[in-house]
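This report describes selected features of one protein chain. Please keep the sequence and the model in view while reading.

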Amino acid sequence: MTLLVSPKLVLLTGLSGSGKSVVLKALEDTGYFCVDNLPIGILGELVGTLRLQGHARMAVAADARGAVDAGGLGQTLDAIRSAGVDLTVLFLTASSDVLVHRYSETRRRHPLSHGATAEQGFRDGQSLVECIEAERELLADYAALGIVFDTSDVRPSGLRAWVRELLALKPSPLSLLFQSFAYKEGVPLDSDLVFDVRCLPNPFYEQELRGLTGKDAKVIRFLEEKPAVAAMVEEIGGFLERWLPHYQQEQRSCLTVTLGCTGGQHRSVYCAETLARRFGKTWPVMVRHRSLLRRGLD
């Protein structure tokens, strides 16, 4: 297989809790092949393997658990650059107070609070603050190898925007998922926006329509003749047109718009399909009918 001429590699390092996962996800959303928690010692080997596999854009996140001497890492990075790789090193940091607050919110353990070795300068039972400060000292020399960014006062959306601007990444378009569901089966947990259309006229009470779905022509004609249905769809559509640009600015990759009716068979299906056709002209769109899939009707 032919080697790529100038692949790109982003090495992401820095303090645990400083936002490396946010950046890695942003890179993944724009097409980077991402590897998390990589031992630095095998970075060169990994890059060589990924190049042979044809990956043009790669991102690797590493923390203090795989730390090596900064001088040795510098030599590895020089070798990678000499091999024709366009390498960017990002070092994320934050104040200790902010890191403690973030850990308290997520209730996660610091990665160096267990499994550390005496050679690394850590001991079992260290407090969170002790782990943060010890990690800061261990990685101090790494900061000189790349671009340093303090995320203390930066929201995740701001961090994603900074990375996109720094690396000249084209933001991936916001994808819309319109899904219908039955309220009697519960509101889907993956919903971002939920609209209740149970107030609309129900085709279920028409004998010839009861066994059909909101995708069938007879049900569509029935609902299209009802002014309330058209008004509901228009107002939901207007709401989305007003606010979708704001969701796009938050660098979201997908927005799930969920519409529910009693049985998830007629009204919600019709509304989801109608909105999907409308927004499919300008946005990437997917449609899912949860209740129909469960019954094998979709």
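The charged end of Arg198 sits over the ring of Tyr183, 3.6 Å from the ring centre. A charge counts as over a ring if NZ of Lys or CZ of Arg is within 6 Å of the ring centre and within 35 degrees of the ring normal. Lys226 likewise lies over the face of Phe222, at 4.7 Å from the ring centre.

The model is predicted, so local features need pLDDT of at least 70 and side-chain atom pairs count only at pLDDT 80 or more, while totals for chains, interfaces and linings use all residues. Residues are numbered from 1 along each chain as its sequence is written, and side-chain values use heavy atoms, with hydrogens and water left out.

**Aromatic pairs**

How many aromatic pairs does the structure hold? There are five. Rings of Phe, Tyr and Trp (its six-membered ring) pair if their centres lie within 6.5 Å; planes under 30 degrees apart count as stacked, over 60 as edge-to-face and the rest as tilted. One of the pairs is Phe178 with Phe279, which is tilted, at 6.0 Å centre to centre and 35° between the planes. This pair links distant parts of the chain, since Phe178 is in strand β6 (residues 175–182) and Phe279 is in helix α9 (residues 267–279), 101 residues apart. Helices (H or I, at least four residues) and strands (E, at least two) are DSSP runs, numbered from the N terminus. Phe178 is buried at 0% relative accessible area, and Phe279 is buried at 2%. Here buried means under 20% relative accessible area, exposed over 50%, and partly exposed in between (1.4 Å probe, protein chains only).

Phe204 and Tyr205 form an edge-to-face pair, 5.6 Å centre to centre with 85° between the planes. Phe204 is partly exposed at 35%, whereas Tyr205 is exposed at 63%.

**Helix pairs**

Two packed helices are described by the angle between their axes and the distance between the axes. Axes are lines fitted to C-alpha atoms, for helices over the stretch in contact, and angles run from 0 to 180 degrees between N-to-C directions.

| Helix pair | Axes come within | Crossing angle |
|---|---|---|
| α2 (residues 43–52) and α3 (residues 70–82) | 10 Å | roughly 20° |
| α8 (residues 227–249) and α9 | 11 Å | roughly 45° |

The angle makes α2 roughly parallel to α3, and it makes α8 oblique to α9. Angles under 35 degrees count as roughly parallel, over 145 as roughly antiparallel, 65 to 115 as roughly perpendicular and the rest as oblique.

Leu43, Gly44 and Val47 in α2 meet Thr76, Leu77 and Ile80 in α3. Contact means heavy atoms within 4.5 Å. In the other pair, the residues of α8 that meet α9 include Val229, Val233 and Leu244, and those on the α9 side include Tyr270, Leu275 and Phe279.

The buried residues of α5 are Cys131, Ile132, Ala134 and Glu135. Their cover includes β1 (8–14) and α4.

Arg107 lies in the loop between α4 (96–106) and α5 (128–138) and is exposed at 77% relative accessibility.

Most residues other than glycine have a negative phi. Asn37 has a positive phi, near 55°. It is in the loop between β2 (33–35) and α2, and Asn37 is partly exposed at 42%. Ala168 also has a positive phi, of about 55°. Ala168 is in the loop between α6 (156–166) and β6 and is exposed at 64%.
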